[in-house]
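Visitor: Could you take me through this model? I would like to go from the overall picture to single residues.

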Amino acid sequence: MMTRKTLLTCALTKRAKRLSVGSMMVLCLGTGAALVPLTAHAQNFESAQRQQLDSVVAVVNDGVIMRSELNERIAQVEQQAAAQGGNLPPRSQLAQQVLERMIMDEIQLQMARQANLSVDDTELNRQLRNIAESNGMSLDQFADAVEADGMTLAEVREDVRREMLMRQVQQRQISQRVTVSDRDVERFLSQQPSQQGKAFIEETRARHVLVELTPTRNENQARARAQEARQRLQQGEDFASVAREYSDDRGSAMNGGDLGWVRPGQTVPAFEEAMTSLSPNQLSEPVRSQFGYHVIEVLERRRQDVTEESRREQVRQAIFQRRANEELQIWQREIREQAFVDIRL
């Protein structure tokens, strides 16, 4: 039976792979033990050892990597290998491999800082919740498990934040270097055997009025305005006229609030949940989302055959992913060659 530590290690490793294509960063939950010095000699030895651990092992442009950081990362890799039953190269070779990965991370994080990139706390918290849920835990339970294994949730949070920043840098760079044309998709499909079966999704045609919160309109005022719009609609006023007068979604307001045919996943969760619960021609209560308050009306629903469309999109994504992986390796070699790196291992 896998121990809790092994489960957490595997989950974080899988999560790291999803966050960054080609990344070898390991978000492991390590253990640590603090030795209490019993004599002055032990204290002196520990002080000398700490100074040795904190020596610089690499200078990367205007940043440095410390020996203590390298040793911590090596310990994480060793722990992961032990949990998964993997084999590692000799310690000296492992140190070189791990340091090279840390150098690449540092270069990309420097690029993120130069581009003023940041990670939204909401998205970061969502990633942490996903990691916890993949282990069958709540976020509080996950934090307790992390602390029991010698780390803190703040440390894991920082690891995930760094990985997400590197992913942003990679996506910005690689998306500019990779394209997939319709001809690429057609060529791939022509080489594949035909597939049987059909895939359907339910589409909803809906319209809405959106009332945003603004510096001059607080939560209560926004909700009251949305409720006012709803009351006018209930009294039989034309939806398009009310939408043009009340809605802050200028794109749909110009079209009478009509959103057209909407597919699952195309709207924010709060909106989709409310829309799904409505029957055709039913009007919702004001629904709060990150954009403000919506009054939603469902006009009709239909089942749409997306077999061929879905297959083409899957092929497009597969081609893009393969090319992106290749370009990522090329790009990383380029930024490594362009960086100033002084290894002092």
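Visitor: What kind of model is it, and how are residues numbered?

Guide: This is a predicted model, in which local features need pLDDT of at least 70 and side-chain atom pairs count only at pLDDT 80 or more, while totals for chains, interfaces and linings use all residues. Residues are numbered from 1 along each chain as its sequence is written, and side-chain values use heavy atoms, with hydrogens and water left out.

Visitor: How many helices and strands are there in the protein?

Guide: The protein has 13 helices and 7 strands.

Visitor: What share of the residues counts as buried?

Guide: Of the 345 residues, 38% count as buried. Buried means under 20% relative accessible area, exposed means over 50%, and partly exposed lies in between (1.4 Å probe, protein chains only).

Visitor: Let us turn to sheets. In which order do the strands of the open sheet run?

Guide: The order is E2-E1-E7, with 3 strands and antiparallel pairing. Strands E2 (63-66) and E7 (341-343) stand at the edges with a single partner strand each, so one side of each has no neighbour in the sheet. From one strand to the next, the twist averages 15°.

Visitor: How many bridges link E1 and E7?

Guide: Strand E1 (residues 56-60) pairs with E7 over 3 bridges, in the antiparallel sense; two strands pair if DSSP finds at least two bridges between them. Val60 has Val341 in E7 as its bridge partner.

Visitor: Which helix packs on that sheet?

Guide: Helix H4 (residues 91-114) does, touching E1, E2 and E7, and its direction makes about 40° with that of E1. Contact means heavy atoms within 4.5 Å. Axes are lines fitted to C-alpha atoms, for helices over the stretch in contact, and angles run from 0 to 180 degrees between N-to-C directions.

Visitor: And what does E3 pair with?

Guide: Strand E3 (residues 200-211) pairs with strand E6 (residues 292-305) over 12 bridges, in the antiparallel sense. A further 4 bridges join E3 to strand E4 (residues 258-262), also antiparallel.

Visitor: Next, helix H5. Which of its residues are buried?

Guide: In H5, the buried residues are Leu124, Gln127, Leu128, Ile131 and Ala132. They line one face of the helix, because they fall within an arc of 140° seen down its axis. The arc is that of the directions from the helix axis to the C-beta atoms.

Visitor: What happens at the start of H5?

Guide: There, a side-chain oxygen of Asp120 reaches to within 2.9 Å of the backbone nitrogen of Thr122.

Visitor: Now single residues. Is Ser289 buried or exposed?

Guide: Ser289, found in strand E5 (residues 287-289), is buried, with a relative accessible area of 7%. Its side chain makes a polar contact with the side chain of His294 (2.7 Å). A polar contact is a pair of N or O atoms within 3.5 Å; within protein, one must be able to donate a hydrogen and the other to accept it, and residues adjacent in sequence count only if both atoms are side-chain atoms.

Visitor: What about Glu245, which residue does its side chain make a polar contact with?

Guide: The side chain of Glu245 makes a polar contact with that of Arg232 (3.1 Å). Glu245 lies in helix H10 (residues 239-246) and is partly exposed, with a relative accessible area of 46%.

Note on methods: Helices (H or I, at least four residues) and strands (E, at least two) are DSSP runs, numbered from the N terminus.
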